[in-house]
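Below are my notes, point by point, with the structure open beside them.

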Amino acid sequence: MAATWTPDQPIVQCVDVRKSFGALEVLKGISLSVRKGEVICIIGPSGSGKSTLIRCINALQPISSGSIQIEGIEVSDPRLDKLALRRKVGMVFQQYNLFPHKTALQNVMMAPIHVLGQKRPEVEARARALLAKVRLAGKEDTYPGELSGGQQQRVAIARSLAMRPDIMLFDEVTAALDPETVKEVLVTIRELAEDGMTCLLVTHEMNFAREVADHVYFTDRGVIVEHGPPETLFTAATDERTQRFLSQVL
Amino acid sequence: MKTAGSGNRLAVLLPYRPAPARMSVRIGPLPAAILCFCAIMAASTAWAQAGPTMLSPLQVIVKWSPLLLRGFVFNIAISLLAMLLGTVAGLGLGLALLSESRLLAAVSWLITQFFRNAPWLVLLFFVMFLVPFQVTLFKTTIPLPDWIKATVGFALPVMANVAEVVRGAVRSIPSTQWEAAESLSFTRRQTMWLIMLPQCIKRMLPPWMNIYALVAMSTVLASIVGVSEMLTLTAQVHAAEGGRPELFAPLYGFALLCFFLYCYPINLWTARLERRFRVR
């Protein structure tokens, strides 16, 4: 499969993805695709399976049935080289999950050095550039515990970018932040999108989804209720559930 | 992360954090000093009734102290070596406990439980009497003196206890750290050595030092199997001085004092580290 994939095909292709935790089915047949350079937002009420989906795409959780392909590689294949897959996929978490015993710079440098085996001077130069890019120049030697939530989250973004992923997954990355620091993180993601990075976001930031996303999926109780370009979805939603949700959050 | 002001602090149930297992009994410095003083005083009264040609208990201690202290240094050496061996082995066993392989985890669990729940003296006897006095490897004969065997005997319970400390510390790191490492393509082994264990060192240090204080005090058990450590030497000195009953308390009191002066600061330091690391 990997051999037949070409860049004009979707980077992520989910077909009828189902996922159950015991008797509870949280994903009931999700199909979506992400093309190179696209920014996709998944919105929906809590417990609709958004985060589970994004974790399945990164093979952090196995799917029960269906198919997820990243650049033509089947994620549910038992022979899958998970580590190779994850090198293509960057992931940013709600709780940042920085390594608390390492400085901001070391957090960014660790994976390229130890996982990719790159040379330290090159990695360091690149890590410094990435931290500057997320507006954290001067914070290189600061430990995560001394940074604000927004700053930590931007370090986490730089840390993922250091692996040069083909796609970035964002799992409610602003949900744990103070309102005033949400913006700085969203600005960073927007810049990333403008640079052409493929992004898949699970988010509650409707204005961000509206302004930045190329395509928005509305999920509820494990199914995609409706999807489309943001201008149609946000102004002319056809499904009653979408309308109700949007009227509550907008 | 929202930082609530001190004014409107929400009533949050903090996660249950069990107090670290405390295995040693702590004696304050004052009671200990009083204890030693009483011992020496009791002996002095007996000596006052004895003949004039005999040495006073204090003179006996001073006379034999080089030998006794050499014995004490031997105790310390045994304890340090046992701790080193036990820590290295315990780290391996602890990692095996955390292994993804069910078989390896089960076997190491069994080993850990066996050595944690066996009396130290019984383990010591087993090692002393089951391990030969020399082994021949590749035509070279390596002698195994008693004190080496005793060291191994002490290292076994240390290993099991350190394994539990390692397992507990790694388990106490939030699982989100594993996820973050996984998403960055770190292998399990890299995650363990680069991300988990470095974070664990702080929390492992106090219980590890606690184990050490216990080992240091337990090394006197080696006297039962004939290693010439401090307690053995004390008994021999007592016999050499004619086994006078009034020397009993001062001589053993001296041994007591040596161990107390060595272990008490370690326990104090451990308690201080525990306090400091609790506030995170």
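Which side chain is joined to that of A:His227 by a polar contact?

1. **A pair of histidines.** The partner is A:His215: a polar contact of 2.8 Å joins its side chain to that of A:His227. Please keep in mind that this is a predicted model, here and in every point below.

2. **The surroundings of A:His227.** You will find A:His227 in strand S10 of chain A. Setting aside residues up to four places away in sequence, A:His227 touches A:His215, A:Val216, A:Tyr217 and A:Leu233. Take A:Val216 as an example: 11 residues separate A:Val216 from A:His227 in sequence, while their C-alpha atoms are 5.6 Å apart in space. A:His227 has a relative accessible area of 46%, so the residue is classed as partly exposed.

3. **Two arginines with a positive phi.** Most residues other than glycine have a negative phi. A:Arg221 has a positive phi, near 50°. Its place is the loop between strand S9 (215-220) and strand S10 (223-228) of chain A. With 56% relative accessibility, A:Arg221 counts as exposed because the cut-off for that class is over 50%. A:Arg135 also has a positive phi, near 60°, and sits in the loop between helix H4 (120-133) and helix H5 (149-161) of chain A. A:Arg135 has a relative accessible area of 48%, so this arginine is partly exposed.

4. **Chain A as a whole.** For orientation, chain A contains 9 helices and 10 strands. Of its 250 residues, 55% are buried. If you take the contacts in chain A between residues at least 6 apart in sequence, 65% of them join residues at least 24 apart.

5. **A buried glutamine in a loop.** Is A:Gln61 buried or exposed? A:Gln61 counts as buried, because its relative accessibility is 16% and the cut-off is under 20%. The residue lies in the loop between helix H1 (50-57) and strand S4 (65-70) of chain A. Neighbours within four places in sequence aside, A:Gln61 is in contact with A:Lys19, A:Phe21, A:Thr52, A:Arg55 and A:Cys56. One of these, A:Arg55, comes up again in the next point.

6. **The interface in numbers.** Chain A gives 29 residues to the contact and chain B gives 19 residues. Between them the two chains bury about 2000 Å², and 58% of this lies on carbon and sulfur atoms. There are 2 salt bridges between chain B and chain A. The side chains of B:Glu179 and A:Arg55 meet in a salt bridge, at 2.5 Å from N to O.

7. **What chain B brings.** On the side of chain B that touches chain A, the elements that give two or more residues are helix H6 (175-183) and helix H7 (188-218) of chain B. The largest share, 7 residues, comes from H6(B). By type, the residues on this side of chain B divide into 8 nonpolar, 8 polar and 3 charged.

8. **A closer look at H6(B).** Which residues of this helix are buried? They are B:Gln177, B:Trp178, B:Glu179, B:Ala180, B:Ala181 and B:Ser183. In chain A, the buried residues of H6(B) pack against H1, helix H2 (82-88), strand S6 (89-92) and H5. In chain B, they pack against helix H5 (146-171) and H7. When you check the model, note the chain letter, as each chain has an H5 in this list.

9. **B:Glu182 and the end of the helix.** B:Glu182 also lies in helix H6 of chain B. Its relative accessible area is 29%, so B:Glu182 is partly exposed. Residues up to four places away in sequence aside, B:Glu182 touches A:Leu60 and A:Arg86. Just after H6(B) comes B:Ser185, with a positive phi of about 70°.

Key:
Residues numbered from 1 in each chain as written. Chains lettered and ligands numbered in written order. Predicted model: local features only at pLDDT ≥ 70, side-chain atom pairs only at ≥ 80, totals over all residues. Heavy atoms only, no water. Helix = DSSP H or I, 4+ residues; strand = E, 2+ residues; numbered from the N terminus. Buried < 20%, exposed > 50% of the residue type's maximum accessible area, 1.4 Å probe, protein only. Contact = heavy atoms within 4.5 Å. Buried area = accessible area lost by both parts, 1.4 Å probe. Salt bridge = Lys/Arg side-chain N within 4 Å of Asp/Glu carboxyl O. Nonpolar A, V, L, I, M, F, W, Y, C, P; charged D, E, K, R; others polar. Polar contact = N/O pair within 3.5 Å; in protein donor to acceptor, adjacent residues only side chain to side chain.
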